Amino acid sequence: MNLWIAIIGMGIITYAIRLVPIWLLERATISAGWRQALRFVPAAVLSAIILPELFMPGGNFDLSLGNARLLAGVIAILVAWRTKNILWTLAVGMVLLWVLG
C-alpha cells in the first residue's frame, strides 16, 4: 500500500510542478524579445541531448569515420536540410545507424 501511495503522490507532485508555471504564465504577457528567445529553446535542448552522443559515443571523443553515430547524424542533418521532413530525417538516420552500427 505504501508503494502505491508513493507512486500516486509523486505523480501528483510531477503534474503540479509542470502545471503551476503554465497556469501562472497564461495570465502574463510576454514581450516580443522573450517570445523570440523562447522559440530557440527546443532546438537548444535537442542539440544539448544529441550532440554529445554524436561526438562522444561511449564517453570518448571520436571524429573518425569509424564513428557510426556521427556518420548517421551528419547524413540525417543533410536529409533534414534538403527535405525539411522529420519522418525522412528520422528514417534515414535510424536506418544508417542500424546499417553502420
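**Exercise 1.** Determine how helix α3 and helix α4 are oriented towards one another in this predicted model, and which residues bring them into contact.

*Solution.* Begin with the geometry: helix α3, covering residues 41–55, packs against helix α4, covering residues 68–83, at an angle of about 130°, and their axes lie 7 Å apart. Then identify the contact itself, where E53, L54 and F55 of α3 meet R69, L70 and G73 of α4.

**Exercise 2.** Describe the nonpolar surface patch, and work out which helix supplies the largest share of the patch.

*Solution.* First list the members: I30, W34, L38, V41, V45, L46, I49 and I50 together make a nonpolar surface patch of about 750 Å². Then assign them to helices, noting that α2 (32–38) and α3 each supply at least two residues. The largest share belongs to α3, with five residues, and I50 is one of the patch residues placed in that helix, α3.

Technical notes:
Residues numbered from 1 in each chain as written. Predicted model: local features only at pLDDT ≥ 70, side-chain atom pairs only at ≥ 80, totals over all residues. Heavy atoms only, no water. Axes fitted to C-alpha atoms, helices over the stretch in contact; angles between N-to-C directions. Helix = DSSP H or I, 4+ residues; strand = E, 2+ residues; numbered from the N terminus. Contact = heavy atoms within 4.5 Å. Patch = residues over 30% accessible without salt bridge, like charges linked within 9 Å, V, L, I, M, F, W, Y side chains within 5 Å. Areas by Shrake-Rupley, 256 points an atom, 1.4 Å probe, with all protein chains shown as cover. Salt bridge = Lys/Arg side-chain N within 4 Å of Asp/Glu carboxyl O.
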